Protein chains: 2
Amino acid sequence: MNQQLEHKRHTLAHLLAAAVVEQYPHAKLTLGPAIDTGFYYDIDFSAGTAPGEDDLKSIQKGMKKQINKWTQWSHEEVSADVARERFAGNQFKLELIDEIENKVEKITLYTCGDFTDLCRGGHVDNPKKDISMDAFKLDKIAGAYWRGDEKNPMLTRIYGIAFDTKDELVAYELQLAEAKKRDHRKIGKELDLFTFSELVGPGLPLFTPKGTMMRDLVVDKIMQIQAKYGYQKVTIPHITKSDLYKTSGHWEKFGDELFKVKGQSDAEFVMKPMNCPHHTQIFASKPRTYKELPIRYAETTMVYRDEQAGELIGLGRVRSITQDDGHAFCTFDQIDQEVEAIVQVIKAFYKTLGMYEEGKFWVSLSVSDPSNPDGYLGDPEKWGQAESMLEDVAKRLELPYKRVEGEAAFYGPKLDFMFYDAIGRERQLATAQLDFVMPERFGLEYVDNEGNKQTPVMIHRAIAGSLERFMAIMIEHFAGNFPLWLSPEQIAVIPVAEAHNEYAQGVHEQLVAAGFRSQIDTDNDSMGKKVRTAKKAKLPYFLIIGDTDIANNTVTVESRDTGESIAMSVADLLAKLADEANV
Amino acid sequence: MNQQLEHKRHTLAHLLAAAVVEQYPHAKLTLGPAIDTGFYYDIDFSAGTAPGEDDLKSIQKGMKKQINKWTQWSHEEVSADVARERFAGNQFKLELIDEIENKVEKITLYTCGDFTDLCRGGHVDNPKKDISMDAFKLDKIAGAYWRGDEKNPMLTRIYGIAFDTKDELVAYELQLAEAKKRDHRKIGKELDLFTFSELVGPGLPLFTPKGTMMRDLVVDKIMQIQAKYGYQKVTIPHITKSDLYKTSGHWEKFGDELFKVKGQSDAEFVMKPMNCPHHTQIFASKPRTYKELPIRYAETTMVYRDEQAGELIGLGRVRSITQDDGHAFCTFDQIDQEVEAIVQVIKAFYKTLGMYEEGKFWVSLSVSDPSNPDGYLGDPEKWGQAESMLEDVAKRLELPYKRVEGEAAFYGPKLDFMFYDAIGRERQLATAQLDFVMPERFGLEYVDNEGNKQTPVMIHRAIAGSLERFMAIMIEHFAGNFPLWLSPEQIAVIPVAEAHNEYAQGVHEQLVAAGFRSQIDTDNDSMGKKVRTAKKAKLPYFLIIGDTDIANNTVTVESRDTGESIAMSVADLLAKLADEANV
C-alpha cells in the first residue's frame with residue numbers, strides 16, 4: 001500500500017483506541033498496526049465487559065465524533081520511567097516500554113485530540129481533513145493472543161477496513177462478500193473434496209476420493225505437459241538426519257518451522273521442509289559427466305512445516321504441504337534452455353485453466369539489489385549473466401514481466417508467476433529459481449568435455465506450487481465450477497424413469513470407455529431431485545435420458561456453465577467432450 | 001523349524017561356548033540361542049584377544065573334539081546366590097540371574113561334557129549320537145550390542161549354520177551362494193535403482209528415476225487390476241496428533257517403534273506407522289448409509305517405523321516403508337464378496353510375475369486359537385462366521401490353503417499369501433485381514449436399511465506389501481531380469497554404425513509411440529560396447545540395426561532370456577511386445 005494510505009490506517013487505529021477507551025474505561029490498550037486492508041487494535045477487556053460485534057456501530061460512532069477534534073498531532077520523547085508512570089497498570093505497554101528501553105531506542109508518545117498513545121509515529125497530518133470517514137468501517141472482532149503466543153493472555157482484536165475513498169471500500173466489501181461465497185473451506189465441504197479430523201490435528205488435511213482425484217488430475221496434467229522436456233520422477237523419504245540440512249543451510253534458515261523427529265536412537269531426524277537437498281543426494285549417488293546433463297528430477301511429495309496453529313486456514317495454509325517439485329541440474333550455458341522449458345510448461349498448464357491470458361498474470365523477474373552486493377552468494381559476474389539469461393527468456397517468450405530489484409533469493413535470481421484470480425486477488429503460483437549455492441554446498445560435480453570437474457547449476461521449479469494452496473485457489477477462482485479436465489466428476493447420466501435405465505446405462509458405459517468420469521444415477525428418486533444433486537455437485541454436464549432420446553438415439557446434454565440443453569448423438573457428445581477436455 | 005532341530009541347534013550353541021572358553025579362557029559368555037538356520041552365541045572378549053573369521057576353523061575343531069564326551073545332560077536348580085557365585089565376574093550372566101530372580105522363576109544350570117551354562121533347557125538327549133557333525137558349520141562373526149541396545153557394550157557374535165543332514169547343509173550353502181549373487185543391494189546398485197546417503201541416514205532409501213519407474217509400474221499394475229473392484233484413491237498426511245493412536249490402540253502396540261514429532265507447540269505428533277486410523281477419519285467425515293457400502297480406500301504412501309539401525313538391510317528392512325495399502329468398510333454380509341475381490345486382485349497381480357502357480361505359493365488361513373478364547377476381541381460367534389466366510393472363499397477360489405490356528409490377529413482372522421522365490425525362500429507378501437475392533441474404537445457408523453446405526457467391518461488389504469521389501473524380493477527372485485512389464489527400461493535400439501542411426505531412430509520412435517520404454521544408443525562407442533552396456537542393464541530386448549535390417553525393413557531382436565536373435569518387422573515386434581507386456 002502507498003505510504004499515505006498506511007498513515008491513514010495507522011491513524012484510524014489510534015482513533016479506534018480513543019473511542020474504545022471512552023466507552024470502555026477499563027480497557028487496556030496493547031498494539032494497533034495498519035494492515036493490508038485497514039487496521040486493527042488488540043485490547044485487553046479482562047477488567048470488565050468486552051464489546052461484541054453488535055457494539056462496533058457504537059464504537060464507530062464514537063470515532064466519527066472524536067475525529068472532529070483530530071486536526072493535528074503533537075509528540076514528545078520521554079524517559080522510560082516517565083513512560084512507565086503514564087502507562088502504570090497496563091502490563092502490556094510496560095512490557096513494550098521495557099523492550100524499547102533494552103534496545104536503547106527513543107520512547108515517543110503521540111497525541112491527537114485528547115488521546116495519547118505509545119507510538120513510533122507515521123500518521124496523516126490532519127486526520128479530520130485527510131481521512132474520508134465513509135471510506136472506513138469497523139469490520140469484525142476476533143480473539144488474539146498477546147504477541148501471538150498461545151501461552152499469553154487472550155486479547156480482543158477489533159478489525160477495521162479502510163481505503164482512500166468510499167468507492168474503494170464498497171468495491172472491497174463486494175470482493176469480500178464474493179470471496180466468502182467462494183470460500184474454499186465451504187465449497188470444499190459441499191463438494192466433499194477434503195476434511196480435517198480433530199484426532200489427526202490442525203493443518204493436516206485428509207483428501208477424500210474426489211479431492212485426491214483433483215490432486216492427481218493436476219499432477220498428471222503437469223507430468224504430461226513436461227514429459228517432452230525430460231523430467232524423470234524420483235522418490236525420497238519424508239525425513240532425514242539433520243546433517244542434510246546442516247550441510248544445505250536450511251537448519252538455520254527454517255529454525256522453529258522444522259518438525260524434529262525422535263526415534264529410539266540418539267540420531268537427530270527432521271521432517272523435510274523442502275526436497276532439494278534430498279534430490280542432490282540422488283544426483284551425487286554416482287559420477288556424472290557433461291553428456292548426462294541436464295539431469296531433471298520431478299517429484300510430487302509432501303513437505304512439513306510447523307506453521308503456527310493460528311495461521312492455518314483450510315487448505316490455504318497447512319502443515320503437510322504437497323509440492324509438485326522439480327530440479328534441473330545443468331551447465332551454466334544450459335540455464336537458458338532449461339528456464340525456457342519450465343516457462344513453456346507453466347504456459348501450457350495455466351492455459352488449460354484460462355489463466356495464462358493477457359492481463360490475467362504478470363511475471364516478476366526477481367533480480368539482485370545492486371545497492372546490496374553482499375546480500376547474495378556467488379560470483380557477481382555470473383549473477384549478471386544469469387539475470388540477463390532470465391530476461392532474454394522473458395523477452396523471447398513475450399512474458400509480461402517486471403524487473404524487481406532486490407527480490408532475488410540470496411542463492412540466485414528467479415522468475416515468479418503472479419496470477420489474478422476471478423475476483424482480482426493476486427496469487428503467486430509458479431516459479432523458476434536459479435541456485436548457485438546448493439550444488440557447491442553439497443559438492444556436486446560433473447566432468448566437462450575436457451575432463452575437468454565442474455559444479456552444476458541447480459534450477460528449482462514449481463508449476464502448481466503447493467497442491468493444497470493450488471486447490472484452495474482453484475476452488476475459489478472457479479467457485480467450484482472446475483473446467484472439464486479438472487472436474488473430479490464430469491458427467492451425470494440421469495434417466496427420467498426406470499424405463500430409461502438400460503439405455504442410460506449404455507450411454508454411461510460408452511462415456512467411461514472413452515475415459516470420461518461419468519456416473520449414472522438410477523436411484524428411485526424423482527428426476528428433479530437427481531438433477532438438483534448433480535447441480536449441487538457442480539458437474540460440468542448432465543445428461544437427461546427420456547423417451548425422445550431413446551426414440552431418436554440421442555442424449556439431452558445440459559451444460560452447467562451455459563444452462564443450455566441440447567440433444568445430440570453420443571458420438572457427437574464424445575467428440576465435444578474430448579475437444580473440451582484436451583485444452 | 002521342528003523341535004528336534006531346534007534342540008540340536010541349541011545344543012550346538014552350548015558346544016560352541018564350551019570350545020570358545022577352552023581356547024579363550026578370558027571369554028565371558030552371555031546368550032546363545034537357536035535361530036532359523038542354526039545358532040549363535042554372543043561373547044564378550046574385551047578382557048583379551050577376540051577370534052576373527054580365520055579362527056572359526058580352530059573353534060569348530062574344538063567343538064568336534066569335545067562332542068565325544070557329550071553323551072548326556074545333567075541339570076540342577078540353584079538359588080540365585082549360588083548362581084551368582086558360579087558366574088562371579090561375568091556381569092552379563094549376573095544381570096540375567098537378577099532378572100530371573102525378579103520374575104520369581106527357577107534358575108537352572110545345564111551341564112554336558114565338562115561344560116555348564118545358565119540355561120532353561122531344550123537340548124538333544126545325546127549330542128554325540130543325535131547330532132551329525134558334518135551337518136553344521138561355523139559361519140561368520142559379527143558385532144552385536146548386549147541385548148541389542150547400542151548403549152550397551154559391543155559383543156562378538158559367532159554364527160553357526162546347522163541342519164539335520166549334510167545334504168541339507170550343502171543345499172543351504174548353495175542357496176546362500178545363490179542369494180549372495182542375487183543380493184538386491186548389489187544388483188540394485190548395478191541397475192541404478194536406489195541409493196542411500198549418509199547425510200539422509202540409514203534405512204531411508206532414495207529412489208532414482210529407474211527405481212521410481214519400477215515402483216510406479218507396480219502401483220499402476222495394482223490400481224489397474226483393482227479398478228473394477230471399486231477402490232478409490234485417498235491422500236493422508238504422514239503425521240498425526242498422538243490422539244489418533246491413543247484411540248486406535250497403536251500408541252501402546254508400537255511403543256518405541258513410533259517416531260515422535262515435535263514442533264514449536266506442545267502438541268504431541270507422531271509419524272504414522274500405518275494408515276488405517278487416518279483412513280477411518282475419512283470414512284467418519286460424513287454420515288454414511290448402507291447404500292454407500294462397501295467404501296474402499298486405496299493409497300500408496302510411506303509409513304515410518306524406527307527399526308533398530310542394526311536390523312536395516314538394503315530395501316529388505318527400512319524405516320520409510322511404502323505401503324500399497326487398502327481398506328474396505330463393509331457390512332458383515334459383504335465380507336465374503338470383498339475378500340474374494342481382494343484375492344482376485346492378488347491372483348491377477350502375482351500371475352503377471354509368474355508366482356501365482358501351483359507349488360509356488362500357499363495361503364495361511366490364520367484363525368483364532370480355540371484354546372485361548374480370551375486372546376481375541378469381539379463376538380466369538382461372529383468370529384466363527386467370519387472364519388467360515390474366509391474358508392469358503394479359499395475353497396471357492398481353490399487356494400492352496402492351510403488353516404493355522406492361533407495365527408489370527410487379536411482383531412480378526414486373515415488370509416496371508418506366502419510365495420516361494422526362485423531359490424526357495426518363503427516370502428509373505430499379500431494379505432487380507434478382517435478387523436472387528438478398529439471401527440468400534442473410532443465409533444464408525446452407517447445407517448442400515450431399517451434406519452438403525454450399525455458398525456461396519458473393516459478389511460485391511462495389501463497386494464505387494466511394502467514396496468521396498470517387494471522390490472528387494474523381486475530383484476532377488478528375478479536376479480534383476482525383470483519381466484517385460486516390470487522392466488524400467490525395456491528395449492535398447494542399437495545401430496551398428498552411424499549410417500544406421502536414422503532408421504534406428506525411426507524404430508525407436510515407433511516403440512515409444514506404442515507406449516514402450518525404449519532407448520536408443522547413438523553414442524560413438526563400438527557396437528560390442530553398446531551391447532555389453534544393454535546386457536549389463538538387463539534390458540529384456542535389444543535391437544541391433546544394420547544394413548540387412550534396412551534392406552529388408554526389419555529389426556534384429558535379441559532376447560535377454562533366450563539369447564536368440566530373430567529378424568522381424570516392426571509391426572510383428574510391436575505385437576509380440578504387446579502380447580508379452582499385457583500378462
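The structure is a predicted model, and the values given below are computed from it.

Chain A contains 19 helices and 28 strands, and its C-alpha trace extends over about 85 × 75 × 55 Å along the principal axes. Of the 583 residues in chain A, 54% are buried. When contacts in chain A between residues at least 6 apart in sequence are considered, 70% of them join residues that are at least 24 apart. The accessible surface of chain A amounts to about 26,000 Å², and carbon and sulfur atoms account for 47% of that surface. With regard to charge, chain A carries 70 positive and 90 negative side chains, the centres of these two sets lying 2 Å apart.

In chain B, 3 strands are arranged as an open sheet in the order β4-β5-β6, with antiparallel pairing. The edges of this sheet are formed by β4 (73-78) and β6 (115-118) of chain B, each of which pairs on one side only. On average, neighbouring strands of the sheet are turned by 25 degrees against each other, when direction is ignored. Strand β5 of chain B, comprising residues 107-112, pairs with β6(B) in the antiparallel sense over 4 bridges, and Thr111(B) has Thr116(B) in β6(B) as its bridge partner. Helix α1 of chain B (residues 3-23) packs on the sheet and touches β4 and β6 of chain B, its direction making about 120 degrees with that of β6(B). Helix α4 of chain B (residues 91-102) also packs on the sheet, where it touches β5 and β6 of chain B, and the direction of helix α4 makes about 50 degrees with that of β6(B).

Returning to chain A, Lys8(A) is located in helix α1 of that chain, which covers residues 3-23. Lys8(A) is classed as buried because its relative accessible area is 9%, and the cut-off for this class is under 20%. Residues up to four places away in sequence being left aside, Lys8(A) touches Val124(A), Asp130(A), Ile131(A) and Asp164(A). Among these contacts of Lys8(A) are Asp130(A) and Asp164(A), and Asp is counted as negative while Lys is counted as positive.

Terms used
Residues are numbered from 1 along each chain as its sequence is written. Chains are lettered from A and ligands numbered from 1 in the order in which they are written. This is a predicted model: local features need pLDDT of at least 70, side-chain atom pairs count only at pLDDT 80 or more; totals for chains, interfaces and linings use all residues. Side-chain values use heavy atoms; hydrogens and water are left out. Helices (H or I, at least four residues) and strands (E, at least two) are DSSP runs, numbered from the N terminus. Buried means under 20% relative accessible area, exposed over 50%, partly exposed in between (1.4 Å probe, protein chains only). Contact means heavy atoms within 4.5 Å. Accessible areas come from the Shrake-Rupley method with a 1.4 Å probe; for residues, only the protein chains shown count as cover. The place of a charge is taken as NZ of Lys, CZ of Arg, CG of Asp or CD of Glu. Two strands pair if DSSP finds at least two bridges between them. Axes are lines fitted to C-alpha atoms, for helices over the stretch in contact, and angles run from 0 to 180 degrees between N-to-C directions.
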